[in-house]
Amino acid sequence: HNTVRDALHGRLGAGQSAGGVVLAPDLPRARSGFPALPQSLFTAPPAAVPPPSLPFPAPAADVVRERPLAAVVPSEVRSARPNPFQRVGGRYLQIMDLYLLLEGDDGLLVVDQHALHERVVYEQLRSQHRARAVQVQRLLVPTVLEVTPSELQWYLAAQDALAQEGLLVEQFGPGSIAVHGVPTVLAKVDVQKLLRSLHADDGAVDGGPLREQIADRFHSMACRSAVMSGDRLTDAEITELLATAATLEHPHNCPHGRPTVLTFGASELERYFRRRC
């Protein structure tokens, strides 16, 4: 935004506009859930220079950079932002089968339904993994996957760890395995793709580490199980999604870092419509 604005300022002169674009430095912007970080956050502080009388050299810059993040981040940045979904009204609108428009106590919220559902699925998987209480969706018809002898050996050795994460597999003949259940939150994921993503030839089957590896791969599958762009949600699905989002500790971004919601405050909307200077 700033680069384009500066380029237009340079060609047209300050205060002019073209193509309906207003070159106003105070143009209101939507707020995301990310905190505002100081510009010097990732800049190494200058090394302290000791007095000439001291017999030792100044500390190296890389030693200074090893200070904890809390030492350079202001207290207002470290504080968690409130969950915006806890303060939305009952009215909403789905547009383009991708965005949800909500009314909050501070204005208008625009929600990316795919990014928000990714966060919801990810948090559900992680909490169930930590509580060792993964909910399982049993399949009416088992999914059979042809595997190589080495893959079969890996799946059988990892059978207990897979079951702890909600994936129920059994040997089905000399060269295949059958899946009888999957984690409930991954019920929409292609089972064969899920299995293929789990196999690791060099994975160590030793209970704890393997279970963590499997959980990490399940978390990466959250994106594929989330509602996609173009999915028309029912009123009940939207209500459930928003209610679950209101319980999350970090609902502002998806696992990949994209924002889930942008907030246009009431004062910003008034400025957009020139109701307020």
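**Entry 1. Terms and model**

I take a residue as buried when its relative accessible area is under 20%, as exposed when that area is over 50%, and as partly exposed in between. I note that the model I consulted is predicted.

**Entry 2. Aromatic pairs**

I searched the whole structure for aromatic pairs and found two. The pair of Trp-154 and Tyr-155 is edge-to-face, with 5.2 Å from centre to centre and 80 degrees between the planes. I looked up the burial of both partners: Trp-154 is buried, as is Tyr-155.

The other entry I recorded is the pair of Phe-264 and Tyr-272, which is tilted, with centres 6.4 Å apart and 55 degrees between the planes. I classed the angle as tilted because planes count as stacked under 30 degrees and as edge-to-face over 60. Phe-264 has a relative accessibility of 18%, so I count Phe-264 as buried. Tyr-272 has a relative accessible area of 38% and is therefore partly exposed.

**Entry 3. Helix H5**

I next examined helix H5, which covers residues 149–157.

**Entry 4. The largest pocket**

I then turned to the largest pocket, whose volume is about 450 Å³. Its lining consists of 17 residues, and those closest to the centre are His-117, Val-121, Gln-124, Lys-188 and Glu-240. By class, I recorded seven nonpolar, seven polar and three charged residues in the lining.

Which helix gives the most to the lining of this pocket? I found that H4 does, with five residues. Helix H4 spans 113–131 and helix H10 spans 235–245, and each supplies at least two residues of the lining.

**Entry 5. His-117**

I followed one of the residues closest to the pocket centre, His-117. I located His-117 in helix H4. Is His-117 buried or exposed? Its relative accessibility is 18%, so I count His-117 as buried. Leaving aside residues up to four places away in sequence, I listed the contacts of His-117 as Ser-225, Ala-226, Val-227 and Leu-241.

Terms used
Residues numbered from 1 in each chain as written. Predicted model: local features only at pLDDT ≥ 70, side-chain atom pairs only at ≥ 80, totals over all residues. Heavy atoms only, no water. 1 Å grid on protein atoms, 1.4 Å probe; cavity = no way out; pocket = protein on both sides within 12 Å on 5 of 7 lines; lining within 4 Å. Points joined across faces, edges and corners; volume = space filled by probe spheres on them. Helix = DSSP H or I, 4+ residues; strand = E, 2+ residues; numbered from the N terminus. Nonpolar A, V, L, I, M, F, W, Y, C, P; charged D, E, K, R; others polar. Buried < 20%, exposed > 50% of the residue type's maximum accessible area, 1.4 Å probe, protein only. Contact = heavy atoms within 4.5 Å. Phe/Tyr/Trp six-rings, centres within 6.5 Å; stacked < 30°, edge-to-face > 60°.
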